Structures are given as structure tokens and as C-alpha cells.
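Here is a short note for a colleague who is new to this structure. Please read it with the model open.

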Amino acid sequence: MTMRIAIAGAGNVGRSIAQELIGNGHEVMLIERQPRQLCPERVPQARWVLADACEMSSLEEADLASCDVVVAATGDDKANLVISLLAKTEFAVGRVVARVNRAENEWLFTEQWGVDVSVSKPRLMAALVEEAVTVGDLVRLMTFRQGEANLVEITLPRDAPYEGKPIRDVPMPRDAALVAIVRGKRVMVPTPDDPLEAGDELVFVCTSEVEDQIRAVVLGSAA
């Protein structure tokens with residue numbers, strides 16, 4: 001399904017998001033208030049708008065109400081919060097995604113400010129570092145729906161309780177789903193008959209409350 005997506009902030013982050021979304025077949029509008037950042041030749045398939053996305057009149061002229069998704073991707077957390085709140089409360093945008101630039105501001109990016117999904121660069125980078133070097137522990141990669149669900153990863157160590165056993169034998173806790181297994185260069189959609197191997201990266205979607213249960217089940221006494 002093609003979506004109409006507005007991205008506030010046409011810096012490196014905003015342009016990269018736009019190129020990815022356009023490549024996936026979506027219609028993208030880039031809103032930028034700095035004339036020097038207005039570079040239509042870098043993403044020629046996007047609609048470019050020179051305007052301040054924190055101003056109601058600018059968003060009305062850009063027809064933000066017709067967008068399915070708004071991405072607040074500026075380098076200013078205050079601006080991203082204002083954009084998110086306006087998009088949700090004044091223009092009834094169905095999905096609002098906001099960039100968090102400073103880790104200490106993460107607590108502000110909630111649905112009270114109109115944010116459906118927040119993406120914290122510091123937290124994401126820390127998670128990617130942990131994921132790259134951690135074996136035998138749970139790493140939280142991303143949070144969805146204001147903390148109601150998380151994307152987590154465990155790299156299966158040798159001698160784990162279910163190493164070599166099929167997935168159907170793993171007693172999954174409630175509110176948790178094994179959604180992918182990364183094995184070497186392969187990404188596998190898990191089936192009940194697939195055996196687990198040492199070194200597998202197990203990717204789960206779960207609630208925060210069951211993360212410890214997943215750790216205990218997958219790692220056993222090592223947890």
C-alpha cells in the first residue's frame with residue numbers, strides 16, 4: 001500500500017529516510033525551514049517544501065492532514081516534540097514517528113506529545129554495539145508503542161538448554177513471539193520444526209514484563 005509521508009527536517013537523516021521510503025514505493029514530502037538545506041536534487045522524487053514545520057500555517061499549506069505518517073526528524077528535540085503534537089492533535093495524522101537526539105529527553109517522547117514511535121539514536125547505537133559483542137544475554141534493540149512492546153535479541157550460547165532442539169520444544173512465555181532467527185548470513189522465519197543452533201541470533205517481540213522469562217527459558221541456569 002502506498003502511503004503519503006511527511007518528513008520534517010531535510011538533513012542527512014531526513015533525506016536518508018526519504019530515499020528509503022521512496023525506494024519502497026511511497027510518496028514523500030520533505031519539509032525544511034533552512035534554505036541552505038533545501039536540496040531537491042539530492043532526493044528529486046520527493047516533494048520539497050520550504051517552511052517551518054512548527055508553524056500551524058505552514059503545515060496547513062503543506063496539507064499535512066492528508067498524510068498517513070509524519071516523521072519528525074530534525075536535530076532539535078524541542079522542535080520534534082512540537083511537530084509531533086501538532087501532527088497528532090491538529091491534523092489527526094494516524095502515525096507519528098519522532099527522532100530523539102539526546103538520551104536525557106527520551107522520557108518526553110510519549111503519546112501525550114503525540115508520538116507513536118520514538119527512535120533514540122544514542123539508545124539505538126548502544127543496542128547495536130551490545131548486539132554485536134554480546135553472547136548469552138538479552139539485548140533490547142527497539143521499543144514500540146511507548147514501551148508496550150520491545151524488539152529484543154539473544155545470541156544462543158553453546159550448551160544452552162534448547163541447543164539442537166526444535167522450536168516447538170521451547171516453552172515460550174505469554175506475550176512473546178520468536179519472529180526471526182539470524183544464522184550466519186541467513187534470515188530465517190522460524191517454524192516449529194527448526195532446530196536451534198549455537199550462535200543463532202534469536203529475535204523476539206515481547207512485552208517488557210516477560211523479558212526475564214525469555215532470558216530464563218533460552219539461557220537456563222546461565223541466566
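1. Terms for strands come first. Helices (H or I, at least four residues) and strands (E, at least two) are DSSP runs, numbered from the N terminus. Two strands pair if DSSP finds at least two bridges between them.

2. The basis is a predicted model: local features need pLDDT of at least 70, side-chain atom pairs count only at pLDDT 80 or more, and totals for chains, interfaces and linings use all residues. Numbering starts from 1 along each chain as its sequence is written, and side-chain values use heavy atoms, without hydrogens or water.

3. Look at strand S9 (residues 176–183). It pairs with strand S11 (residues 201–206) in the antiparallel sense, over 6 bridges. Ala-177 stands opposite Val-205 in S11.

4. S9 also pairs with strand S10 (residues 186–188), again antiparallel, over 3 bridges. Here Arg-183 faces Arg-186 in S10. The two strands form a hairpin with 2 residues between them. Gly-184, in the turn, has a positive phi of about 65°.

5. Now turn to helix H1 (residues 12–23). Which of its residues are buried (under 20% relative accessible area, 1.4 Å probe, protein chains only)? They are Gly-14, Arg-15, Ala-18, Leu-21 and Ile-22. They lie on the same side of H1, because they cover an arc of only 130° around the axis (taken from the directions from the helix axis to the C-beta atoms).

6. On the other side of H1, Asn-12, Glu-20 and Gly-23 are exposed (over 50%).

7. The buried residues of H1 pack against strands S1 (4–8), S2 (27–32) and S3 (47–50); contact means heavy atoms within 4.5 Å. Just after H1, Gly-25 takes a positive phi of about 95°.
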